[in-house]
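Hi,

Here is the structure I said I would pass on.

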Amino acid sequence: VDIRVDDAVDPFKELRRLLNLTMAGGHAQESARLAKEGKLTEALAEQKKAVEMNPRNEGTHYALAQRYAQNREYVNAVNELRAALEIQKNLREQAAADSLFAPMKQFPEFTRLVSQ
């Protein structure tokens, strides 16, 4: 007889976490679609939902930084980019070359972030 024991301390909490990860991906995809259509306010709202659901993922923070940059909210963009880089420092080169961040190259804080 094969008896399996769930190794999660709280299986329902783990299930919620996994569901949130899946749903965060859906919000991020919707955000990207809306941004392509020029619906930046809606895209920003969707990406914020993705970050709420998966706050430890550098990709969700990076995409939120992109949405803020597209919306010309450069201070918020720098803050989110900082959050992404705290999780994954290897994104610096990508951020430095990202055309969505081009208008931010004039800001010393952006330059510091991507050149550290």
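Before the helix pair, one definition: a helix axis here is a line fitted to C-alpha atoms over the stretch in contact, and the angle between two axes runs from 0 to 180 degrees between N-to-C directions. Please also keep in mind that this is a predicted model.

**The helix pair**

I started with helix 3, residues 58-70, and helix 4, residues 74-87: their axes come within 8 Å and cross at roughly 165°. Angles over 145 degrees count as roughly antiparallel, so helix 3 is roughly antiparallel to helix 4. As for handedness, helix 3 passes helix 4 in a left-handed crossing.

Who makes the contact? On the helix 3 side you'll find E58, H61, Y62, L64, A65, Y68 and A69, and across from them, on helix 4, Y74, N76, A77, E80, L81, A83, A84 and I87. Sorted by type, the residues of this contact come out as 11 nonpolar, 2 polar and 2 charged.

**The core**

Next, the largest nonpolar core, which has 20 residues. Y62, L81, A95, F101, M104 and F110 have the most contacts inside it. At least two residues of this core come from each of helix 2 (40-53), helix 3, helix 4 and helix 6 (108-115). Which helix gives the most to the core? That's helix 4, with 6 residues.

Setting aside neighbours within four places in sequence, Y62 is in contact with L81, A84, L91, Q94, A95, D98 and F101.

**Two more residues to look at**

K48 sits in helix 2. With 37% relative accessibility, K48 counts as partly exposed. The C-alpha atoms of K48 and A63 are 9.4 Å apart, though 15 residues separate the two along the chain.

Then there is R72, in the loop between helix 3 and helix 4. Is R72 buried or exposed? At 66% relative accessibility, R72 counts as exposed. For background, most residues other than glycine have a negative phi.

Over to you!

Methods:
Residues numbered from 1 in each chain as written. Predicted model: local features only at pLDDT ≥ 70, side-chain atom pairs only at ≥ 80, totals over all residues. Heavy atoms only, no water. Helix = DSSP H or I, 4+ residues; strand = E, 2+ residues; numbered from the N terminus. Parallel < 35°, antiparallel > 145°, perpendicular 65-115°, else oblique. Left-handed = near helix turned anticlockwise from the far one by under 90°. Contact = heavy atoms within 4.5 Å. Nonpolar A, V, L, I, M, F, W, Y, C, P; charged D, E, K, R; others polar. Core = buried A, V, L, I, M, F, W, Y, C linked by side-chain atoms within 4.5 Å. Buried < 20%, exposed > 50% of the residue type's maximum accessible area, 1.4 Å probe, protein only.
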